[in-house]
Amino acid sequence: MLINNDTIIKDSDPAIRQKSQPVELPLSEENKQILQEMRQYVLDSTDDEKAKELNLRPAVGISAIQIGIPRQLTAVVVREYDKNDELVTYEYMLANPRIVSRSVQPAYLESGEGCLSVPEEHDGYVVRSARVKVTGYDLLTDKTVTIRARGYLAIVLQHEIDHFSGILFYDHINKDDPHPDIPNAMVI
């Protein structure tokens, strides 16, 4: 399956709002292949040469609905610095991930969020939880995992899991006050 900027479903297509269904475990070969191809897209999209050659937009995650498959599958590759200032890579190929708990503390990306399915910029804060606990099956480790995520990784996971409900990041932006003062927020 070819995944590139031309084949990813955009927000102008009502299909992006379709609800995604859980997948059966153990994963079928087809679902394994979908996860592997989505992961490869994310990895290739951060390589400038490959991205240009293959027509890829930079990404840290992609969900199956974005390639026209309404299944609860997502691939995430997030590189960020930990509290010791060391670069850490978090990589998952998740089936049926769900948020089982979330912090009360809010968080948002100061520069705003983007999405492969949203070609235009949408100015405003997308307020999410600063920390989440997510469970799901991870194809990379071949087991059910519990991910305790904070900060950027937490935001990425919430963004991708929102796709399963047909929710896009700009649905969270307050249209009347896109840059509100958010007390105690983790600003990233």
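**Why is it called that? Questions about a predicted model**

Modeller: Let's start with a pair: Ala-107 stands opposite Arg-128 in strand 5. This is a predicted model, so local features need pLDDT of at least 70 and side-chain atom pairs count only at pLDDT 80 or more, while totals for chains, interfaces and linings use all residues. Residues are numbered from 1 along each chain as its sequence is written, and side-chain values use heavy atoms, leaving out hydrogens and water.

Colleague: What makes something a strand or a helix here?

Modeller: Both are DSSP runs, numbered from the N terminus: a helix is H or I over at least four residues, and a strand is E over at least two.

Colleague: How do you know that strand 4 and strand 5 are joined?

Modeller: Two strands pair if DSSP finds at least two bridges between them. Strand 4 (residues 106-108) has two bridges to strand 5, so they count as paired, and they run antiparallel.

Colleague: What makes strand 5 and strand 8 the edge strands?

Modeller: The open sheet has three strands in the order 5-4-8, with mixed pairing. Strand 5 (128-129) and strand 8 (186-187) each pair on one side only.

Colleague: How do you know that the span of helix 1 agrees with its 17 residues?

Modeller: The expected span is 1.5 Å times one less than the number of residues. For residues 29-45 that gives 24 Å, and the end C-alpha atoms are 24 Å apart, so the two agree.

Colleague: Why is Asp-44 called buried?

Modeller: Buried means under 20% relative accessible area, exposed means over 50%, and partly exposed is in between (1.4 Å probe, protein chains only). Asp-44 comes out at 11%, so it's buried. Others buried in helix 1 include Ile-34, Leu-35, Met-38 and Tyr-41.

Colleague: What covers the buried residues of helix 1?

Modeller: The cover includes helix 2 (48-54), strand 1 (61-63), strand 2 (73-81) and strand 3 (87-102).

Colleague: Why do you say that Lys-50 forms a salt bridge with Asp-44?

Modeller: A salt bridge needs a side-chain nitrogen of Lys or Arg within 4 Å of a carboxyl oxygen of Asp or Glu. In this pair the closest N and O atoms are 3.5 Å apart, so it qualifies.

Colleague: How many salt bridges does a search of the whole structure find?

Modeller: Seven. One of them joins Arg-71 to Glu-30, with the closest N and O atoms 3.6 Å apart. Arg-71 sits in the loop between strand 1 and strand 2 and Glu-30 in helix 1, so this pair ties together parts that are 41 residues apart in sequence. Arg-71 is partly exposed at 24%, and Glu-30 is partly exposed at 47%.

Colleague: What makes Glu-113 and Arg-128 a salt bridge?

Modeller: Their N to O distance is 2.7 Å, so they pass the test too. Glu-113 lies in the loop between strand 4 and strand 5, and Arg-128 in strand 5, so parts 15 residues apart in sequence are tied together. Salt bridges with shared partners join Glu-113, Arg-128 and Asp-162 into one network. Glu-113 and Arg-128 are both buried.

Colleague: What joins the side chains of Asp-138 and Thr-141?

Modeller: A polar contact of 3.1 Å. The term means a pair of N or O atoms within 3.5 Å; within protein, one must be able to donate a hydrogen and the other to accept it, and residues adjacent in sequence count only if both atoms are side-chain atoms. The backbone nitrogen of Leu-140 also lies 3.3 Å from a polar side-chain atom of Asp-138.

Colleague: Why is Asp-85 called exposed?

Modeller: Its relative accessible area is 61%, so it clears the exposed cut-off. Asp-85 lies in the loop between strand 2 and strand 3, and its phi is near 65°, positive in a residue other than glycine.

Colleague: Which peptide bond is cis?

Modeller: The one from Leu-25 to Pro-26, with omega near -5°. Pro-26 is in the segment before helix 1.

Methods: Contact = heavy atoms within 4.5 Å.
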